[in-house]
Amino acid sequence: MSVGILSLIVLALAVVGFFVGRSRALKSVQGDSRRLHSLPGYYGQTVFLFTAVPAFALMALWLIVQPMVIDGRIVGQLGPQIAEDATASKLAMEDVARIASGLDALQARTGMTNDELRDLSADGSDIRGRLAEVGIALGSEVDPLIFEMAKSFRIMQANGAMIMSVLVLVLAVAGFVLALRRIHGEFRARNVSETFVRWLLIASAGVAILTTVGIVMSLLSETIRFFGIYPISEFFFNLTWNPQFRGGSDLGLIPLLWGTLYISFVAMVVAVPIGIFAAIYTAEYAPPKVRSVVKPVIELIAGIPTVVFGLFALVTVGPFLRDYIAMPLGLGNSGSSVMTAGLVIGVLNIPFISSLTDDIINAVPQSMRDGSYGLGATKSETIRKVVLPAALPGIVGAILLAASRAIGETMIVTMGAGAAAKLGLNPFEAMTTITVKIVSQLTGDLAFDSPETLVAFALGMTLFVITLCLNIFALWIVRKYREQYE
Amino acid sequence: MNDMRIVERDVDITENKITARGVQVYYGTNHALKDVDVDILDKTVTAFIGPSGCGKSTFLRCLNRMNDTVASARVEGEILLEGENIYDPKVDPVQLRAKVGMVFQKPNPFPKSIYDNVAYGPKIHGLTRNKAELDEIVEKSLRRAAIWNEVKDRLDASGTGLSGGQQQRLCIARAVATNPEVLLMDEPCSALDPIATAQVEELIDELRSQYSVVIVTHSMQQAARVSQKTAFFHLGHLVEYGETGQIFTNPQDPRTESYITGRIG
């Protein structure tokens with residue numbers, strides 16, 4: 001039974017449960033809904049939730065765990081010398097999976113029975129040819145061992161799916177019956193479904209957190225592998241970035257970190273004043289009609305994909321800066337430069353800063369402004385001396401969040417700043433950032449055991465730590481000063 | 001209404017501080033204040049009483065042109081401060097507000113230190129030439145607002161960390177610091193507990209020796225306790241204006257009588 005059909009069945013059962021539960025509750029009080037503890041709908045809701053949620057949770061869990069278990073058992077069949085070699089076992093597993101899906105296609109196309117398939121062997125028949133007919137191209141002749149493994153892989157998959165279907169259905173029915181049996185007039189269905197919903201929400205929040213933890217763990221394990229084959233001090237203190245795919249590369253973080261910080265600095269120099277001034281205008285000066293137009297238009301910038309910004313940097317800003325500023329001043333003749341990327345990232349960040357700042361300024365109580373006006377302060381004095389200081393913690397938080405976005409920006413830098421890892425002060429020279437190098441180290445042929453590839457994870461980890469610190473700092477500042485004027 | 005015998009009432013001063021004639025206020029199409037004539041005396045506490053929405057706060061906010069900050073508000077008629085029409089185009093509302101200080105319903109100290117709260121007005125108006133003079137003004141204002149002894153050791157602490165009553169007295173000190181001639185108070189005690197209220201009321205009585213104080217209040221007892229003159233507003237009209245004792249014991253208008261005996265409001 002496929003996952004889709006199974007889901008539909010469970011869902012249908014849950015919907016039926018809703019109506020049965022509702023009518024059962026009504027029947028228990030002879031149709032007089034005033035005598036029920038909760039509204040009739042809540043009784044139906046409890047049945048719905050108890051039928052659907054545990055069943056779907058089991059299904060999700062099973063779908064995650066089953067491949068892990070099966071892979072583990074298949075790898076066990078490979079024999080020790082292959083199973084211990086990570087690369088070889090990975091390749092073998094890929095073959096197994098491909099042949100298994102080929103057999104699925106073969107069965108669907110030719111209508112072979114399961115018994116016929118079981119009797120199939122790699123030696124006798126031209127498996128490679130037959131699989132090619134159904135669209136599965138194999139690189140070499142099929143190894144009998146791999147073929148047998150593919151067959152048992154298929155069987156395990158089928159068995160797993162079968163067991164899952166049965167268990168999910170049993171769980172759904174059990175939930176259905178249990179929830180239904182609890183229903184009587186005094187049953188506090190409203191409280192029960194409230195509690196249930198709360199746990200559902202907690203679980204959703206948990207998924208987000210677990211994902212973050214998972215990302216960090218996977219980054220961390222690869223980073224540790226990288227530092228196992230490349231000296232940690234070289235990574236942090238070497239001033240050269242020069243990866244060689246033949247080995248013997250210099251993988252120093254500093255030129256990339258410098259480029260990242262330099263470009264982000266330029267971006268913030270552009271974005272912070274413009275963003276804050278725009279916010280002051282929309283929040284304090286603009287009449288409501290103007291504000292209702294200007295604010296969404298500024299925020300529209302935030303919706304433009306960064307690739308489009310990158311194009312803008314590549315074909316407009318870059319050449320403009322080169323032809324009218326860098327070349328006349330003798331500062332270089334590169335179209336891609338720190339300035340180009342910085343300016344464009346700055347523009348990208350303007351709506352981010354202005355929108356947050358505008359909200360923060362609006363949150364400053366009107367009584368503050370009244371107090372200042374009442375003492376004879378002008379509008380700009382009030383804004384400078386009362387509103388902005390009161391809003392400052394929030395504004396600093398907004399700036400730091402924008403900074404961590406600027407640091408993590410990839411597309412605009414790729415197209416605007418170039419790919420040359422350099423340590424320099426000239427803002428009209430091409431430089432590059434951590435993010436760009438992560439991408440370039442992970443494109444092309446990959447061998448996940450060379451430092452040139454694994455360095456991407458160490459770079460990612462560095463970036464993650466930097467932006468995490470910035471975000472934590474921003475949140476801390478915002479929280480520390482938030483309720484000062486309450 | 002025995003309270004009113006407590007305060008000694010010396011309304012022998014007859015010098016007008018503020019003279020309002022034919023004041024009309026509109027909020028958009030809503031005619032909030034209709035044809036108000038009032039003479040507010042110098043060195044006197046004048047109370048505005050009346051039910052909610054009667055226009056007493058609106059009138060108060062006309063006296064220092066705070067209504068200018070409300071986009072839809074329109075004021076007609078004339079209000080003279082010592083003979084000068086404050087709605088004359090030549091008058092700078094910003095300068096006017098330094099002369100006519102205001103204290104608000106909810107204590108609204110700035111999120112700055114106590115010192116900076118009081119020094120705010122003198123600084124923006126350039127009233128001092130050096131730090132020593134500023135220190136002096138701050139101390140004098142805090143003393144006048146009867147809060148100096150409580151805060152003198154922590155002038156650098158945030159003004160928002162004080163208790164409600166202290167915050168309100170700090171706001172009064174802040175208003176006093178610009179050396180105003182008139183002090184407007186918009187329900188200054190409505191967010192305070194009885195003890196803080198008593199402190200602020202006592203303070204208002206002391207301030208009378210130097211300023212003309214106008215107070216809007218919902219509490220008739222408070223009006224009776226602190227004021228020498230009382231004006232009763234109802235539905236945008238100034239119904240009755242006279243000496244506090246007379247308003248509370250012998251009102252001339254039946255509407256005033258109904259209000260102070262609790263039948264409308």
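**A strand and its neighbours**

Author: β9(B) and β10(B) make a hairpin, with two residues between the strands. In the turn, B:Leu235 has a positive phi of about 50°. Strands here are DSSP runs of E, at least two residues long, numbered from the N terminus.

The model is predicted: local features need pLDDT of at least 70, side-chain atom pairs count only at pLDDT 80 or more, and totals for chains, interfaces and linings use all residues. Residues are numbered from 1 along each chain as its sequence is written, and chains are lettered from A and ligands numbered from 1 in the order written.

β9(B) spans residues 229–234, and β10(B) spans 237–243. The two run antiparallel, joined by six bridges. Opposite B:Lys229 stands B:Glu243 of β10(B).

β9(B) also pairs with β3(B), residues 45–49. Pairing takes at least two DSSP bridges between strands. Here there are four, in the parallel sense. B:Ile49 has B:Phe232 as its bridge partner in β9(B).

Now the side chains. B:Lys229, B:Ala231 and B:Phe233 point one way from β9(B). B:Thr230, B:Phe232 and B:His234 point the other way. Six of the six residues of β9(B) are buried: 20 or more other C-beta atoms, placed from the backbone, lie within 10 Å of each residue's own. The strand is mostly covered.

Elsewhere in chain B, four strands form an open sheet, ordered β2-β1-β4-β5, with antiparallel pairing. Its edge strands are β2 (30–41) and β5 (84–85), each pairing on one side only. Eight bridges join β1(B), residues 16–27, to β4(B), residues 73–81. B:Val25 stands opposite B:Val75 in β4(B).

How values were computed
A residue is buried if 20 or more other C-beta atoms lie within 10 Å of its own, exposed if 12 or fewer, and partly exposed in between; C-beta atoms are placed from the backbone.
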